[in-house]
Every structure is written in C-alpha cells, then in structure tokens.
Amino acid sequence: MDATLHQLGGILLRALPTFVLVVLLHFYLKYVFFKPLAKTLRQRYDITEGARKLAEQSLQDAAAKTARYEAAMRAARGEVYQSQERLHKELQDRETAELTAARKSAEAAVREARELLAKDVESAKASLERDSDMIAEQIAESILRRSAA
C-alpha cells in the first residue's frame, strides 16, 4: 500500500505543474479574454437597450404628436363646419328677407293694380252711365223722328 501511495504522490507531483498551468491559464483568460468580452457584451447590451428605449421614446413622441395633430384636425373641422353652418344660416336669413321683401312688393303691386282696376271700373261705369243716357236720348230722338216723319 505504501508503494501505491508513493506512486500516487509521484503522479500528483508530476501533475502539479499542469495544475498550476491550468490555474494560471484560467486567471490569464479571465482577465485578458473574459473580462473584456463581458465588458464589450455589457456595452453592447447597454447600447442596444438604450437604442431600444430611444426608439420607444420616439414612438411615444410620435403617438403624442399624432394625437395632437388629430385633435387639431378635429378642431379645425369643427370650426369649418361652424363657419359653413353660420354662412348657411346667413344665406337662409338673407333669402327669407328677400322673399319677404318680394312678397310685400308683389302685394303692394297687386293692391295698386286692384285700386287702378277699381278706378277704371268706376270710370267705365260713370262713362257708361253718361253714354247710356246720351244713347238713350239719341234712340228716343231717332224713334221720334221716324214716327214724326
């Protein structure tokens, strides 16, 4: 058993430089390769995460601007509709006023025409009465002349 332990001690003694080399290689790779790689990966993550956050912020800003733009468009449409409605009402009021004025004018013209017609009728009646008396006298005279002759 002693020989086995002695041989095992010899194997361990020969493996010791390999073990030391592996430990040194581990620390060397850790500081020379893995730490800079981790640092680079962290920077890359920070940059991409920053770009992602910046993109999200840009999207939020764009959504806010779009909402403001749509609100402004709705307000402008509302103003245009109100303006059109006001103009339409003004046109209706003007048309109503013109129709009322035209109706009054037409009624005045009809009234005036009736008055003129009534005057013409009265003058025609008076003329007929005068003419009828004169015609009646002429007829009577003509009849009396024939009977006298």
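This report covers the fold, surface and charges of a predicted model.

## Basis

The model is predicted, so local features need pLDDT of at least 70 and side-chain atom pairs count only at pLDDT 80 or more, while totals for chains, interfaces and linings use all residues. Residues are numbered from 1 along each chain as its sequence is written, and side-chain values use heavy atoms, with hydrogens and water left out.

## Overall form

The chain holds one helix and zero strands. Helices (H or I, at least four residues) and strands (E, at least two) are DSSP runs, numbered from the N terminus. Helix α1 spans residues 2–148.

Along the principal axes, the C-alpha atoms fill a box of roughly 200 × 25 × 20 Å.

## Distances along the helix

Met 73 lies in helix α1. Glu 85 and Phe 27 are 58 residues apart in sequence and 83 Å apart in space, C-alpha to C-alpha.

## Surface and burial

The accessible surface comes to about 13900 Å², and 63% of it belongs to carbon and sulfur atoms. Areas come from the Shrake-Rupley method with a 1.4 Å probe; for residues, only the protein chains shown count as cover.

Buried residues make up 1% of the 149 in the chain. Buried means under 20% relative accessible area, exposed over 50%, and partly exposed in between (1.4 Å probe, protein chains only). Glu 85 is exposed at 59%. Met 73 is partly exposed at 29%.

## Nonpolar patch

A nonpolar surface patch covers about 970 Å². Its members include Leu 25, Phe 27, Tyr 31, Phe 34 and Leu 41. Patches are made of residues with over 30% relative accessible area and no salt bridge; like charges are joined within 9 Å, nonpolar side chains (Val, Leu, Ile, Met, Phe, Trp, Tyr) within 5 Å. Phe 34 lies in helix α1. Its relative accessible area is 46%, so Phe 34 is partly exposed.

## Charges

The chain has 24 positive and 22 negative side chains, and the centres of the two sets lie 20 Å apart. Lys and Arg count as positive, Asp and Glu as negative; His and the chain ends are not counted. The place of a charge is NZ of Lys, CZ of Arg, CG of Asp or CD of Glu.

The salt-bridge count comes to one. The rule asks for a side-chain nitrogen of Lys or Arg within 4 Å of a carboxyl oxygen of Asp or Glu. Glu 49 and Arg 52 form a salt bridge at 3.0 Å, N to O. They are three residues apart in helix α1, so about one helical turn separates them. Glu 49 is buried at 19% relative accessibility, whereas Arg 52 is partly exposed at 45%.
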